[in-house]
Amino acid sequence: MKTQALQVELADRSYPIHFESPREVLARQIGHLRDAGHGLAAIVDQGLLEAQPTLLADLGLQPEECLALPAGEPTKATEPFSRSLSFLADRALNRDSVLFALGGGVIGDLAGFVAASYLRGISFHQVPTTLLAMVDSSVGGKTGINLPEGKNLVGAFWQPEAVYIDTTILQTLPAREFAAGMAEVIKYGLLADAELFNELERLDTLHSGSPELAQMIRRCCAIKARVVAEDEKETAASGGRALLNLGHTFAHAIENVAGYGDYLHGEAVAIGLHLAAILSVELGHIKAREISRISDLLQRYELPVRLKQNLPVEDLMEAMRRDKKNRSGQLRFVTLQKIGQAVTSDGIDPTQITRIWEEASAKA
Ligand SMILES: NC(=O)c1ccc[n+]([C@@H]2O[C@H](COP(=O)([O-])OP(=O)(O)OC[C@H]3O[C@@H](n4cnc5c(N)ncnc54)[C@H](O)[C@@H]3O)[C@@H](O)[C@H]2O)c1
């Protein structure tokens with residue numbers, strides 16, 4: 001039976017997330033667009049193409065319509081961004097053209113920003129191929145690239161026309177990448193769905209072939225869709241979309257200081273979730289025993305919960321001071337009131353955070 005699409009309801013328009021939409025469904029959609037005269041282009045992850053060499057042909061995309069970019073975070077940068085824009089311009093794509101993003105969060109974020117920028121905005125479709133992209137980055141319209149000065153410093157809110165999720169594509173995803181996506185799944189349980197967290201604790205460790213996986217992904221997307229619908233551009237004075245960044249203030253600082261390569265995004269998030277739990281205990285919100293529940297679950301997926309090697313705490317603090325979530329010059333964190341409920345916490349004493357970093361490093 002076909003699983004119903006989930007709608008992301010926004011003020012201006014809504015769009016569907018199609019689940020269990022196999023390649024044929026997407027190939028049909030691509031065919032319809034071509035028949036209707038839309039110019040087509042796809043930005044594709046090179047690593048994905050190496051793992052799935054027939055993918056473009058299966059989708060009916062012509063090689064000249066596709067720009068393959070190297071796998072990895074360095075692709076979310078100004079040079080690949082400008083190369084992608086030139087690719088669209090060389091193909092003389094116009095305002096009716098449609099761009100497909102085929103890959104993980106790196107390609108989705110980059111291609112989304114390309115779509116937002118080219119001719120002041122063309123339509124784009126997200127085809128997430130990593131677990132992380134399925135549960136998080138492909139939904140919600142945050143697009144952008146990194147600068148040497150920091151992560152995601154340039155970008156736009158630009159919502160896709162549709163998102164197509166097919167869990168069978170995850171069969172070739174390396175185990176370490178799958179685990180990195182699980183960090184975001186665990187994040188959703190922590191911030192909004194205690195039952196999801198409990199279920200993850202109860203279930204055997206999930207993998208790309210687990211029968212429960214599709215439902216888990218749908219549950220995460222439903223949480224993201226609800227939060228985004230309520231606060232699309234993250235302007236709520238407290239709570240709202242910022243809650244989706246649970247663990248990310250720590251994670252972005254780690255990625256920024258360690259450089260991209262040592263930690264996958266989801267691995268940095270795993271450490272961030274652990275440190276956010278420690279902060280939540282220190283603020284008196286959750287009990288100390290909850291920290292081990294959270295770190296045990298993360299470690300079941302072989303995710304790190306501490307820094308792999310020490311990083312200069314002053315540099316980590318400096319990276320945090322530049323975090324986009326900060327308000328009025330004060331550090332802002334997302335903390336847990338309990339498992340399944342997160343809040344934004346402003347005005348946290350920086351010395352407290354310095355101590356948490358030292359603790360996270362000391363046992364490395
Ligand atoms: N926009 C948002 O709301 C949002 C949310 C969360 C994360 N992000 C961003 O997402 C990025 C991380 O995304 P990611 O974890 O998907 O990493 P990624 O895009 O780098 O992909 C991870 C790796 O998996 C490979 N790959 C992709 N699909 C594959 C498949 N099906 N089979 C085999 N290999 C495959 C890629 O080649 C790559 O090496 C970060 O830049 C992060 O900032 C954005």
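Colleague: Which helices each supply at least two residues of the shell around the ligand?

Modeller: Helices here are DSSP runs of H or I with at least four residues, strands are runs of E with at least two, and both are numbered from the N terminus. Helix 2 (46–51), helix 5 (105–117), helix 6 (131–137), helix 7 (175–192) and helix 11 (265–282) each give at least two residues to that shell. This is a predicted model, in which local features need pLDDT of at least 70 and side-chain atom pairs count only at pLDDT 80 or more, while totals for chains, interfaces and linings use all residues. Residues are numbered from 1 along each chain as its sequence is written.

Colleague: Which residues around the ligand come nearest?

Modeller: A residue is near a molecule or strand if its C-beta atom, placed from the backbone, lies within 6 Å of it. There are 31 residues around the ligand, and Gly 47, Ala 71, Gly 104, Gly 105 and Ser 137 come nearest.

Colleague: How is the chain divided into domains?

Modeller: Domain bounds come from an automatic or database domain assignment. The protein chain has domain 1 (6–172) and domain 2 (175–362). Each of these domains gives at least three residues to the shell around the ligand. Their C-alpha centres lie 26 Å apart.

Colleague: How many residues of each domain are in contact with the other?

Modeller: Two residues are in contact if their C-beta atoms, placed from the backbone, lie within 7 Å. By that rule, 26 residues of domain 1 touch 29 residues of domain 2. On the domain 1 side, strand 1 (6–9), helix 6 and strand 8 (150–157) give two or more residues. Helix 6 has the largest share of that side, five residues.

Colleague: In what sense do strand 7 and strand 8 pair?

Modeller: Two strands pair if DSSP finds at least two bridges between them. Strand 7 (residues 142–147) and strand 8 are antiparallel, with five bridges. Gly 144 has Gly 155 of strand 8 as its bridge partner. A hairpin of two residues joins strand 7 to strand 8.

Colleague: Which residues of helix 8 are buried?

Modeller: A residue is buried if 20 or more other C-beta atoms lie within 10 Å of its own, exposed if 12 or fewer, and partly exposed in between, with C-beta atoms placed from the backbone. An α-helix has 3.6 residues a turn, so residues three or four places apart point the same way. In helix 8 (residues 194–202), Leu 196, Phe 197 and Leu 200 are buried. They are on the same side of helix 8 because they cover an arc of only 100° around the axis, taken from the directions from the helix axis to the C-beta atoms. The face turned away from the buried side of helix 8 carries the exposed residues Glu 195 and Arg 202.
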